[in-house]
Amino acid sequence: PPRNSNAVRDIASVLHPYTDGRAHQKNGPLVITRGEGVRVFDEQGNSYIETVAGLWCASLGFSNERLVEAATRQMRQLPFYHGFTGRSHEPQIELAEMLLERAPAPMSKVFFANSGSEANDSAIKMIWYFNNATGRPQKKKIIARIKGYHGVTLAAASLTGLPANHKLFDLPIAGIHHVSTPHHYHGANEGESEEDFATCLADELEEVILREGPDTVAAFFAEPIMGAGGVIVPPATYFEKVQEVLRRHDVLFVADEVICGFGRTGEYWGSQAFGIQPDILTCAKALSSSFLPISAVMVNERVFEGLADGSESVGTFGHGFTYSGHPVPAAVAVETLKIYDEMNLVAHVQSVAPALQDGLRQRFGDHPLVGEVRGRGLIAAVELVEDKAARRNFDPARKIAPRLSKIAESHGLIMRFLPGDGIAFSPPLIITEAEIHDMLDRFGRALDELQVQLRR
Ligand code: PLP
């Protein structure tokens, strides 16, 4: 039943992202009123550790005066100006410089948008334009992966490899193909090593490129670690093998760093964790620690040259948002990146990550309901199974992971369940070891409670 008047007002007025319609109408939302560090508070004053930093994004947590000041300072000085060609302002210039300095591979220019979806849609348009401008208009197919998540606008949703984002929307759009998920636990043959599994996946990718015709395949999109599709960590050599295939067929690599960027995996970029040398990189979320919406697309020199020359040969690159590089979120992002430097972000994540990764494996790896614990840095998932030996999940109709995340709420955790009965961990990067222990204690109590309920 609705908890309070705000829940009632919500039910009467708000249409939610990923709405579950009638269920929401019946149960109402948990209304959050305030944040502090890694915690948020509801209307009754109950406190919760936000185990997924909201939506994998509030990297500096839910309170930060410096970001508030950066936003208000910029709002007073210049609350808005656009960056359409011929116009600019300092926040976007400084942010572009900072991103280029930090990029995991040599990058030439930065384009700004407002969300991860917009960044990925923009990358697709740049690739199509680039191939038009370089005399290869037929080279426009794009390969992504089953269970990859790249957003919900029409092109980004097409890249996404999850049925819910396609099936009722006539997606994917033409020319977008999906290859297998690099998940050894479910995808490998009996006894197959991670290395052989990675070779198999690279072979499959090459078969798709050859089948479609290399002169028609433009780009491959991948998250270094798949996030929303299940926190899937690929075999160590997977991306090395994939990149060999892409290079052979002149297919661009787009790294979707929307979740993995900015320290999440224990490296500054997820690309660095797996030896990825992207041609194009998209990022969002932790770019501004989510205090304001902003995303970015970095392109290397070759892609930039194509874009730049194209205006003469094929016409203007007709794409850009009113709020591309908006000065207020850009100023907040600049301050966010400065804070990351000062807190020594990568070293901090590496120092607390074992409390999460080893803690999850030691405490829950042998639990009868846990099939796999996976992750790296400060991103992880626990996958629930009905039959541990057979690696068999529960019947999805039983909604086991949603049930566990609901139980976890009563233990002071806001958790996120994933397709395939995963439960995600992606806390604010400022989390301390003590807070990680507290989070895992609470999770353990919730898991035990679920087990008791299932035995009944
Ligand atoms: N790419 C990845 C890897 C994501 O995780 C997300 C969102 O979760 C997106 C893209 C889309 O970002 P947005 O929701 O800001 O459009």
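**Notebook: helix pairs, ligand, sheet**

I began with helix α6 (residues 116-133) and helix α12 (residues 301-313), whose axes come within 8 Å and cross at roughly 60°. The model is predicted, and local features need pLDDT of at least 70, side-chain atom pairs count only at pLDDT 80 or more, while totals for chains, interfaces and linings use all residues. Residues are numbered from 1 along each chain as its sequence is written. Helices (H or I, at least four residues) and strands (E, at least two) are DSSP runs, numbered from the N terminus. I took axes as lines fitted to C-alpha atoms, for helices over the stretch in contact, with angles from 0 to 180 degrees between N-to-C directions.

α6 and α12 are therefore oblique to each other. On this scale, angles under 35 degrees are roughly parallel, over 145 roughly antiparallel, 65 to 115 roughly perpendicular, and the rest oblique. I noted their crossing as left-handed: the near helix is turned anticlockwise from the far one by less than a right angle, whereas clockwise would be right-handed. From α6, Met-126, Tyr-129, Phe-130, Asn-132 and Ala-133 make the contact; α12 brings Val-303, Gly-306, Leu-307, Asp-309, Gly-310 and Ser-313. Contact requires C-beta atoms, placed from the backbone, within 7 Å. I sorted these residues into six nonpolar, four polar and one charged. Ala, Val, Leu, Ile, Met, Phe, Trp, Tyr, Cys and Pro count as nonpolar, Asp, Glu, Lys and Arg as charged, and the others, Gly among them, as polar.

Next I checked helix α4 (residues 65-77) against helix α13 (residues 327-342). They pack at about 145°, axes 8 Å apart. The crossing of α4 and α13 is right-handed. The contact of α4 with α13 has nine nonpolar, two polar and two charged residues.

Then I looked up the ligand. Of the 15 residues around the ligand, Ser-115, Gly-116, Ser-117, Gly-151 and Val-258 come nearest. Being near means a C-beta atom, placed from the backbone, within 6 Å. α6 gives the most to this shell, three residues. I counted six nonpolar, seven polar and two charged residues in the shell.

Last, the sheet. Four strands form an open antiparallel sheet in the order β11-β12-β15-β14. β11 (370-376) and β14 (416-418) are at the edges, each with a single partner strand, so one side of each has no neighbour in the sheet. Strands pair if DSSP finds at least two bridges between them. Six bridges join β11 to antiparallel β12 (residues 379-384). Glu-372 stands opposite Glu-383 in β12.

Technical notes
Contact = placed C-beta atoms within 7 Å.
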